[in-house]
Amino acid sequence: MTTRRDPTVLHLDLDAFFAAVEQRDKPSLRGRPVVVGGLGPRGVVSTASYEAREYGVRSAMPISEARARCPHAAYLGGRFPAYRAVSRVVMDQLHTLSPLVEPLSLDEAFVDLAAGSDAPLPADAVRALGERLRSTIRERTGLTASVGAATSKTLAKIASEMAKPDGLVIVEPGREIDVLHPLPVRALPGVGPATAARVARLGVRTVGDLARITEAELIDLLGESHGRSLFHLAHGRDERRVSSERASKSISVEDTFDRDITDPALLTALVTRMAEKVTERLVRAGHSGRTITLKARLHDFTTYSRSATLPGPTDDARAVVRLAVQLLQEIDTSNGIRLLGVGVSGLSDWVQDDLFAAVHDAGTGDPRPGEEDLDAAVHAERRWVPGMDVVHAVHGAGWVWGSGLSRVTVRFESAGTPPGPVRTFASDDADLSPAEWPEMSDEAGAPPAS
DNA sequence: TCTGGGGTCCTAGGACCC
DNA sequence: TCTGGGGTCCTAGGACCC
């Protein structure tokens with residue numbers, strides 16, 4: 001594919017996605033600061049609403065810092081089934097524009113508007129199409145989306161960033177360099193803190209500065225691949241295709257504990273459960289894998305990984321457990337572990353026909369700690385997580401506002417109601433239960449969450 | 001009470017092979 | 001008998017993204 005004549009690469013990004021879904025479904029939070037993220041002692045912010053951003057709350061910030069900056073925000077744990085449902089509606093809408101849609105996450109995707117057609121699609125037509133898309137998404141989901149369009153992926157993504165929030169920006173063909181060069185290098189996708197610091201030593205602050213560095217010098221500084229691609233990006237060259245079929249390469253599970261753990265038996269039990277969980281996801285996706293990786297983060301945040309590769313792929317939980325536990329033995333855990341993870345890579349669709357399963361199965365009468373016990377050893381009570389949907393036998397549908405001291409406070413409202421009343425119950429009140437989300441079979445192709 | 005969880009891609013060094 | 005160059009696979013770690 002040569003350079004496009006028309007701005008037919010479209011990038012869509014939902015604004016403050018998780019927080020926006022919460023404000024949609026919780027009328028009392030509209031117009032107020034909302035922070036979605038991990039609520040434990042070591043949680044970080046996933047998404048802050050624009051109201052919370054006014055206080056300096058940002059993604060990836062420790063929740064403790066967010067609470068210090070914005071104590072009056074609503075802190076919510078997140079409702080992924082709801083986010084997935086919204087995402088599905090949005091992705092379906094994108095597919096009405098083109099068969100070629102590349103999801104990047106639940107709230108973000110590229111669309112190739114020129115897929116399978118060489119009809120001209122000038123900027124004005126793309127603008128009309130983009131505005132129609134934004135208003136359809138608003139109608140069907142209640143959320144605002146920002147849209148960018150350009151002749152390449154990089155420029156389309158930069159355009160949607162410039163459009164935020166709730167806007168549309170088209171980079172007219174031929175104007176790419178004018179848009180690109182004044183931007184800070186950090187605006188380029190793939191330029192993080194480390195790369196920015198390196199090029200800063202050459203006096204580079206903007207993309208225009210970057211364009212004055214030779215390819216050889218960038219390769220020298222950043223390595224073959226990164227250096228070369230950044231060189232081309234700085235000159236507005238990006239021929240990457242929009243691709244809808246990206247096979248997943250790895251599946252992993254990890255958990256950061258409320259407090260560091262030293263007890264070897266507990267660590268083994270946790271690794272065992274994680275290995276089982278990751279294998280379950282592997283099987284559900286119809287995959288098997290050859291390489292098992294154990295990840296461990298120490299008290300001081302140093303992170304180790306140990307991996308081992310089998311001669312052939314497996315989807316057998318016992319094989320994964322055995323290997324993961326073995327890899328754990330290679331790590332010195334005596335000073336405390338804050339995170340453990342188990343991953344599987346080297347994936348294939350080939351599923352092992354395990355002739356020995358029955359034999360191995362015979363010996364599983366082991367008394368293992370129950371799920372609750374294991375959770376309790378590692379996390380504070382998380383039965384009533386702020387933000388979660390609940391239903392009360394008398395008062396109907398609501399969401400958990402807060403809990404503690406054997407009490408739960410619930411606000412009774414939903415997307416279509418006015419802000420609702422708050423009531424407090426005993427946390428073991430039999431009339432109160434978590435609302436069931438119809439967990440529609442969302443299998444393999446689900447993009448990673450933010 | 002600093003620093004999540006799920007991913008992707010890249011690099012460098014060693015083993016091994018031709 | 002002191003010296004190759006590629007290529008692939010594997011491991012560990014780092015940077016980056018949402």
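## Close-up views of a predicted model

**View 1. Strands β15 and β16 pair side by side.** Strand β15 and strand β16 (residues 422–426) are joined by 5 bridges and pair in the antiparallel sense. The structure shown here and in the other views is a predicted model. One pair in this view is threonine 409 with threonine 424, its bridge partner in β16.

**View 2. Strands β14 and β15 form a hairpin.** Strand β14 (residues 396–404) runs antiparallel to strand β15 (residues 407–411), and 5 bridges join the two. Between the strands of this hairpin lie 2 residues. Leucine 405, in the turn, has a positive phi of about 50°. Glycine 402 has threonine 409 of β15 as its bridge partner.

**View 3. Helices α10 and α11 cross.** Helix α10 covers residues 215–222 and helix α11 covers residues 224–234. Their axes come within 7 Å and cross at roughly 140°. Because of this angle, α10 counts as oblique to α11. The crossing of α10 past α11 is right-handed.

**View 4. Residues surround DNA strand B.** There are 28 residues around DNA strand B, and those that come nearest are Arg42, Ser64, Gly223, Lys249 and Thr256. Two or more residues of this surface come from each of α3 (63–69), α11 and β9 (250–261). Strand β9 gives the most, with 7 residues. By class, the surface near DNA strand B has 12 polar, 10 nonpolar and 6 charged residues.

**View 5. Residues surround DNA strand C.** Around DNA strand C there are 20 residues, of which Ser105, Gly192, Ala194, Thr195 and Thr309 are the closest. The elements β5 (101–105), α8 (193–200) and β11 (303–314) each supply at least two residues of this surface. The largest share, 7 residues, is from β11. The residues near DNA strand C divide into 10 polar, 7 nonpolar and 3 charged.

**View 6. Chain A has two assigned domains.** In the domain assignment of chain A, domain 1 spans 181–246 and domain 2 spans 250–376. The centres of domain 1 and domain 2, taken over C-alpha atoms, are separated by 37 Å.

Technical notes. Residues are numbered from 1 along each chain as its sequence is written. Chains are lettered from A and ligands numbered from 1 in the order in which they are written. This is a predicted model: local features need pLDDT of at least 70, side-chain atom pairs count only at pLDDT 80 or more; totals for chains, interfaces and linings use all residues. Domain bounds come from an automatic or database domain assignment. A residue is near a molecule or strand if its C-beta atom, placed from the backbone, lies within 6 Å of it. Helices (H or I, at least four residues) and strands (E, at least two) are DSSP runs, numbered from the N terminus. Ala, Val, Leu, Ile, Met, Phe, Trp, Tyr, Cys and Pro count as nonpolar, Asp, Glu, Lys and Arg as charged, and the others, Gly among them, as polar. Two strands pair if DSSP finds at least two bridges between them. Axes are lines fitted to C-alpha atoms, for helices over the stretch in contact, and angles run from 0 to 180 degrees between N-to-C directions. Angles under 35 degrees count as roughly parallel, over 145 as roughly antiparallel, 65 to 115 as roughly perpendicular and the rest as oblique. A crossing is left-handed if the near helix is turned anticlockwise from the far one by less than a right angle, and right-handed if clockwise.
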